[in-house]
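Colleague: I am new to this structure and would like to go through it by question and answer. Please show it first.

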Amino acid sequence: MEFVDSHCHLDLEQFDPHRSSLLTLMRQRGVAKLVIPAISAGGWDRLLAVAQSDVALYPALGIHPWCAAEPMAEPLARLEQMLTAMSVQAVGEVGLDFVKGMVDRELQLQRLHPQLALAQKVDLPLILHCRKAHQPLLQLVRSYPGVRGVVHAFSGSAEEAKRWQEHGFLLGIGGGILHPNYRRLQQVVTTLPLSAFLLESDAPYQPLPSTMGISTPEVIPRIAAEIARLQHCSLAEVAEITTANAWRLFRFDH
Ligand SMILES: [Zn+2]
């Protein structure tokens, strides 16, 4: 049985002391591949270096909406150059975060547009961060025909899930599904076929009570088992289909 962790911030410094043991453990649990999305432009070089250190790791580059207030002109030019010159699997994570108190919405939109255009131009999938912004983000994505991708750590309604799915986007299902009080997400998972989902740890974010506050790729089989329970299917089926979904989206070369 083989899984893909489609979203894990394994490049972050806090993983430095135990990254290699984490990779060993991850393989033991059947997680064969892992996509590392970027947060800020300042972290790209470090992320690429980490991704190059192990064949199971695949980098994505982009500017997170939380970093939308940072200067942009130079990073954008660099992003285009890096996306075409290097082996990068996706543009991300990018998107909109309309939770109160976040970066100015206009600024987020301004930063997002050129990154969507870039994804379209270089034909790479998007890893989208979306909080309280499903309707405007989907509308924006629709204005860039041909772009594909995943809405990571999906937390919207069944209706929103359906709309993304109809537009050909996958939904990243994270550790939230293991929380007994996230009923809505569990409900959403029962309404769509397995072909709609990717698995993700979003490590070190999305903390789980049982892992002492920090999420790691080890959580992936537990998320898959919960999806299997909700969908009344086998764990092997969840592994097979979500892994195939990841291969299709990210076009892994090995
Ligand atoms: Zn993330």
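Colleague: In this predicted model, is Ala-153 buried or exposed?
Modeller: Ala-153 sits in the loop between strand 6 (149-152) and helix 6 (158-166). Around Ala-153 there are 22 other C-beta atoms within 10 Å. The cut-off for a buried residue is 20 or more, so Ala-153 is buried.

Colleague: Which residues does Ala-153 touch, not counting residues up to four places away in sequence?
Modeller: Glu-13 is 140 residues from Ala-153 along the chain, and their C-alpha atoms are separated by 22 Å. Leaving out residues up to four places away in sequence, the residues that Ala-153 touches are Gly-172, Gly-174, Gly-176, Glu-200, Asp-202 and Gln-206.

Colleague: Is Asp-202 buried or exposed?
Modeller: The count for Asp-202 is 23 other C-beta atoms within 10 Å. A residue counts as buried at 20 or more, so Asp-202 is buried.

Colleague: Which residue does a cis peptide bond join to Ala-203?
Modeller: Most peptide bonds are trans. Here the bond is cis, with omega about 5°.

Colleague: Gly-92 has a cis peptide bond to Glu-93; in which strand does Glu-93 lie?
Modeller: The bond from Gly-92 to Glu-93 has omega near 0°. The strand that holds Glu-93 covers residues 90-97 and is strand 4.

Colleague: How do helix 8 and helix 9 lie relative to each other?
Modeller: Helix 8 (residues 220-231) and helix 9 have axes 8 Å apart, at an angle of about 110°. Angles of 65 to 115 degrees count as roughly perpendicular. Helix 8 and helix 9 are therefore roughly perpendicular.

Colleague: How many nonpolar residues are in the contact of helix 8 with helix 9?
Modeller: Helix 8 brings Ala-224, Ala-225, Ile-227 and Ala-228, which meet Leu-235, Val-238, Ala-239 and Thr-242 of helix 9. One residue of this contact is polar and none is charged. The nonpolar residues number seven.

Colleague: How many polar residues are in the contact of helix 7 with helix 8?
Modeller: Helix 7 (residues 183-191) packs on helix 8 at about 65°, with the axes 9 Å apart. Gln-186, Val-189 and Thr-190 in helix 7 meet Ile-227, Leu-230 and Gln-231 in helix 8. The contact has three nonpolar residues and no charged ones, and its polar residues number three.

Colleague: Are helix 3 and helix 4 roughly parallel or roughly antiparallel?
Modeller: The axes of helix 3 (residues 73-85) and helix 4 (residues 105-122) come within 11 Å and cross at roughly 20°. Angles under 35 degrees count as roughly parallel, so helix 3 is to helix 4 roughly parallel.

Colleague: Which residues does Leu-116 touch, not counting residues up to four places away in sequence?
Modeller: Leu-116 is in helix 4 and is buried, with 21 other C-beta atoms within 10 Å. Leu-208 is 92 residues from Leu-116 in sequence, and their C-alpha atoms are 32 Å apart. Not counting residues up to four places away in sequence, Leu-116 touches Leu-140, Val-141, Tyr-144 and Val-147.

Technical notes. Residues numbered from 1 in each chain as written. Predicted model: local features only at pLDDT ≥ 70, side-chain atom pairs only at ≥ 80, totals over all residues. Axes fitted to C-alpha atoms, helices over the stretch in contact; angles between N-to-C directions. Helix = DSSP H or I, 4+ residues; strand = E, 2+ residues; numbered from the N terminus. Parallel < 35°, antiparallel > 145°, perpendicular 65-115°, else oblique. Contact = placed C-beta atoms within 7 Å. Nonpolar A, V, L, I, M, F, W, Y, C, P; charged D, E, K, R; others polar. Buried ≥ 20, exposed ≤ 12 C-beta atoms within 10 Å, placed from the backbone.
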